[in-house]
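Please keep the sequence and the model at hand while reading.

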Amino acid sequence: YRMSSEVKAILAGVAFGIWPLMLNRSGIGGNLSTLIYTFIVLVCVFPLTIGGGNSISNANWWMMIGSGVVGAIGISYFNNMLTSVTPQNVSSMFVLMIVVQTALPIAYSVLMNGGMTLTKGLGFAFAVASAVLLMK
């Protein structure tokens, strides 16, 4: 059985929605939580790479290194934020992060496709409006 991309996106969304809430309750602060989290992810993902048939011979290493550096910066700020807010406030900060995160692919899409469509513009406006309302 091969899972569809939509199902994978939904399951990733569920996992990405749950792990930060759990980390907020871990009691481990900032950068240490990032280090421990990264180690656990590595232990869990490593077995999945064995025999996967993926090749790194044609990889764009500058993009891979760049994504790793940007990801490290992002997860460090994110985890530091998660461990510095109360469980009552974590959802508001999470929503703010998601709205900012959503804006970047929209900007990328506008750049790659040569303009914003009415539906994407409305969708982004509604996302910002929902974030503002959810943070109140």
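**A buried threonine and its surroundings**

Thr34 counts as buried, because its relative accessibility is 10% and buried means under 20% relative accessible area, with exposed set at over 50% and partly exposed in between (1.4 Å probe, protein chains only). The model is a predicted one, in which local features need pLDDT of at least 70 and side-chain atom pairs count only at pLDDT 80 or more, while totals for chains, interfaces and linings use all residues. Residues are numbered from 1 along each chain as its sequence is written, and side-chain values use heavy atoms, with hydrogens and water left out.

**Overall architecture**

- The protein chain contains five helices and zero strands; helices (H or I, at least four residues) and strands (E, at least two) are DSSP runs, numbered from the N terminus.
- Along the sequence, the pattern of the protein chain is α-α-α-α-α.
- A box of roughly 45 × 45 × 35 Å, taken along the principal axes, is filled by the C-alpha atoms of the protein chain.
- The protein chain has 136 residues, of which 13% count as buried.
- Of the contacts (heavy atoms within 4.5 Å) in the protein chain with a separation of 6 or more, 73% are accounted for by residues 24 or more positions apart.
- The protein chain has an accessible surface of about 10400 Å², and 73% of this surface belongs to carbon and sulfur atoms; accessible areas come from the Shrake-Rupley method with a 1.4 Å probe, and for residues only the protein chains shown count as cover.

**Thr34 and Asn79**

- Thr34 is located in helix 2 (residues 30–49), whereas Asn79 is located in helix 3.
- Asn79 is buried, because its relative accessible area is 0%.
- The side chains of Thr34 and Asn79 are joined by a polar contact of 3.1 Å; such a contact is a pair of N or O atoms within 3.5 Å, where within protein one must be able to donate a hydrogen and the other to accept it, and residues adjacent in sequence count only if both atoms are side-chain atoms.
- With neighbours within four places in sequence left aside, Thr34 is in contact with Ile75, Ser76 and Asn79.

**Nonpolar core**

- Trp19, Leu23, Phe78, Met81, Leu82, Val90 and Phe94 make up the largest nonpolar core, a core being a set of buried Ala, Val, Leu, Ile, Met, Phe, Trp, Tyr and Cys residues joined through side-chain atoms within 4.5 Å.
- Two or more residues of this core come from each of helix 1 (5–24), helix 3 and helix 4 (90–113).
- Helix 3 gives the most, with three residues.
- Leu23 touches Ser33, Tyr37, Asn79, Leu82 and Thr83, not counting residues up to four places away in sequence.

- Ile56, Trp61, Trp62, Met64, Ile65, Val69, Ile73 and Tyr77 form a nonpolar surface patch with about 990 Å² of accessible area together.
- Met64, a member of this patch, is found in helix 3 (residues 61–82).
- Asn60 lies in the loop between helix 2 and helix 3 and is partly exposed, with a relative accessible area of 46%.
- A polar atom of the Asn60 side chain lies 3.3 Å from the backbone nitrogen of Trp62.
- Patches are made of residues with over 30% relative accessible area and no salt bridge, with like charges joined within 9 Å and nonpolar side chains (Val, Leu, Ile, Met, Phe, Trp, Tyr) within 5 Å; a salt bridge is a side-chain nitrogen of Lys or Arg within 4 Å of a carboxyl oxygen of Asp or Glu.
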